[in-house]
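Here is a brief report on one protein model. Please look over the sequence and structure, then read on.

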Amino acid sequence: MNALLQADRPYFGKPEECGPELFEQTVPRTLVHRAAVSEVLLTGWQTVHDEHRLGAQWSRAHSYYGSVDGRWHDPMLFAETIRQACLLLAHEALDVPLGFGFLTESTAFEVDEERLRLSRPGA
């Protein structure tokens, strides 16, 4: 791996040294194939004993996936989060080189409407 690419990847140390913080900053945009940092939803990843943990943060005012009725996150935010997670893990866990293209033929998911609510009563 060249020095430029290495410098663009955060160091999390050995799995035993990984802390619980996954939400401090976005991951490098190159790892999730995004041109703008504002479009990066993932905020960190850890690998502990072959288990991958990822953090994500959804904006209440995302530039493309706006709120639905001002009450719910757009369900496509979930789909985009999964897309970014797959790309990040392909590069980091499976060593797929940056610059490789990916093609998704289909995507299907279900989400619980209450889990997408922007604010909950009494919160």
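Which residues does Val37 touch, not counting residues up to four places away in sequence? Val37 touches Thr26 and Arg29, where contact means heavy atoms within 4.5 Å.

## Basis of the model

This is a predicted model: local features need pLDDT of at least 70, side-chain atom pairs count only at pLDDT 80 or more, and totals for chains, interfaces and linings use all residues. Residues are numbered from 1 along each chain as its sequence is written, and side-chain values use heavy atoms, with hydrogens and water left out.

## Two loop residues

Val37 sits in the loop between helix H1 (3-7) and strand S1. Helices (H or I, at least four residues) and strands (E, at least two) are DSSP runs, numbered from the N terminus. Val37 is partly exposed, at a relative accessible area of 48%. Buried means under 20% relative accessible area, exposed over 50%, and partly exposed in between (1.4 Å probe, protein chains only). From Val37 to Thr26 is 11 residues in sequence and 7.6 Å in space, C-alpha to C-alpha.

Gly66 belongs to the loop between S2 and H2. Gly66 is also partly exposed, with a relative accessible area of 29%. Gly66 and Met76 are 10 residues apart in sequence; their C-alpha atoms are 9.6 Å apart.

## Helix H2

Helix H2 covers residues 76-92, which is 17 residues. At 1.5 Å a residue, H2 should span 24 Å, and its end C-alpha atoms are 24 Å apart, so the two agree. The expected span is 1.5 Å times one less than the number of residues. Buried residues of H2 include Leu77, Ala79, Glu80, Gln84 and His91. Their cover includes strand S1 (42-48) and strand S2 (51-56).

Thr81 lies in H2. Thr81 is buried because its relative accessible area is 11%. Its side chain makes a polar contact with the side chain of Trp58 (2.8 Å). A polar contact is a pair of N or O atoms within 3.5 Å; within protein, one must be able to donate a hydrogen and the other to accept it, and residues adjacent in sequence count only if both atoms are side-chain atoms. Not counting residues up to four places away in sequence, Thr81 touches Leu41, Leu42, Ala56 and Trp58.

## The second largest pocket

Lining residues of the second largest pocket include Met76, Ala79, Arg83, Phe102 and Thr107. A pocket is an open set of points on a 1 Å grid over the protein atoms alone, where a 1.4 Å probe fits, with protein on both sides within 12 Å along at least five of seven lines; lining residues have an atom within 4 Å of a point.
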